[in-house]
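My entries follow the order in which I checked things.

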Amino acid sequence: MGKRVLIIGGAGFIGTNLSEHLIKSNMEVFCFDMSVPAKKVEGVRYICGDFFDDYSLMEALEGIDYVVHALSTVNPGNSNEKYLQGYERDFIQTTKLCKMIVDKKIRMIFLSSGGTVYGNQEIQPISEDALPRPINHYGNVKLCIENTIRTFNYQAHTKILIARISNPYGPGQDFNKGVGFIDAALKKTIKEEKIEIWGDGNNIRDYIYIDDVCRMLMVLFTYNGEFDTFNLSSNVGTSQRDIIEMLQEMGLKPQVEYLSARSVDAKKIILNNGRIMSVHKNALIPIRDGLREYYDWLLQKKI
Ligand SMILES: NC(=O)c1ccc[n+]([C@@H]2O[C@H](COP(=O)([O-])OP(=O)(O)OC[C@H]3O[C@@H](n4cnc5c(N)ncnc54)[C@H](O)[C@@H]3O)[C@@H](O)[C@H]2O)c1
């Protein structure tokens with residue numbers, strides 16, 4: 001058997017997709033989550049536990065080679081109301097987790113948010129060296145955790161990695177959790193419901209198919225170079241209006257309702273992916289192909 005990977009929050013969107021990729025690469029995968037996914041991934045061992053319970057967490061780390069931290073209790077949409085929870089719980093518990101994995105000499109990848117840590121930036125695509133200026137608390141909680149990780153890396157000579165993921169989409173996503181414009185646009189179009197767009201639809205994001213994110217994360221498992229922070233992104237900017245047009249090109253009939261812009265949303269975020277692409281050599285799935293693939297998956301699953 002290969003290395004043993006524990007995915008904290010492993011029953012979620014990214015965790016489930018990553019589990020499938022890791023199992024195919026002969027890794028031994030353990031999913032630590034409060035819930036079990038509706039559809040279990042064959043070969044994955046599911047551990048039911050609460051991230052905020054130190055004892056359960058310590059126990060789950062026994063014998064593990066790699067941890068993927070794939071959990072957040074706040075999201076961009078709710079972080080203005082739930083921000084204290086982000087700082088008091090997610091930040092503090094992740095700091096404790098860092099100490100645990102450093103003591104046990106376990107490698108870790110933390111899933112941060114490329115879409116929110118940078119805030120509004122002049123120079124695009126945004127590189128990892130840009131000064132982060134989050135405009136919502138979700139992004140700032142992520143940045144606080146990132147800084148704690150970098151401090152551990154410096155003090156303990158470790159290499160905990162930070163993956164700043166842009167806007168992933170694909171099978172297993174649920175926009176009701178607060179993120180996922182493409183997921184919402186496709187599902188609402190299929191159900192002939194109105195797609196709500198906050199603002200004029202010209203906000204630009206960097207969308208990336210979930211399989212590409214998983215393949216990039218897999219490369220980071222064995223990365224031993226100088227960097228600790230990576231944008232996982234497509235390097236391509238697409239507006240919500242562009243997505244709607246692409247759905248129309250596919251022969252679909254999306255219905256859109258424009259609402260007032262939200263203060264938590266930056267206007268434009270395109271992430272430079274040069275650093276990750278220097279170690280991940282595969283071509284990425286173009287957005288039109290990804291939309292088609294995800295749409296076909298949704299139809300097949302009758303979602
Ligand atoms: N999905 C995105 O668009 C996106 C983009 C960038 C970064 N991220 C980050 O990646 C990570 C994973 O995102 P996701 O979309 O897969 O999230 P998700 O909500 O689909 O999954 C998170 C999982 O964490 C579990 N969980 C929540 N509280 C828990 C607790 N106390 N103990 C144990 N398990 C608990 C949930 O049951 C869920 O299965 C998060 O940290 C998120 O901030 C996500």
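I looked up Glu28 and found that it counts as buried, because its relative accessibility is 11% and buried means under 20% relative accessible area, exposed over 50%, and partly exposed in between, with a 1.4 Å probe and protein chains only. This is a predicted model, in which local features need pLDDT of at least 70 and side-chain atom pairs count only at pLDDT 80 or more, while totals for chains, interfaces and linings use all residues. Residues are numbered from 1 along each chain as its sequence is written, and side-chain values use heavy atoms, with hydrogens and water left out.

I next looked for the partner of Glu28 and noted a salt bridge with Arg4 at 3.4 Å, N to O, the term being a side-chain nitrogen of Lys or Arg within 4 Å of a carboxyl oxygen of Asp or Glu. Glu28 lies in strand S2 (residues 28-33) and Arg4 in strand S1 (residues 4-8), so this pair ties together parts that are 24 residues apart in sequence. I took strands as DSSP runs of E with at least two residues and helices as runs of H or I with at least four, numbered from the N terminus. Arg4 counts as partly exposed at 28% relative accessibility, and I also noted that Arg4, Glu28 and Arg45 are linked in a network of salt bridges.

I then searched the whole structure, which gave 15 salt bridges. One of the pairs I noted is Glu249 with Arg288, at 3.0 Å, N to O. Glu249 lies in helix H7 (residues 240-249) and Arg288 in helix H9, so the pair ties together parts that are 39 residues apart in sequence. Glu249 is exposed, with a relative accessible area of 51%, whereas Arg288 is partly exposed at 47%.

Among the residues in contact (heavy atoms within 4.5 Å), I noted Leu186 and Ile190 in H5, and Leu291 and Tyr295 in H9.
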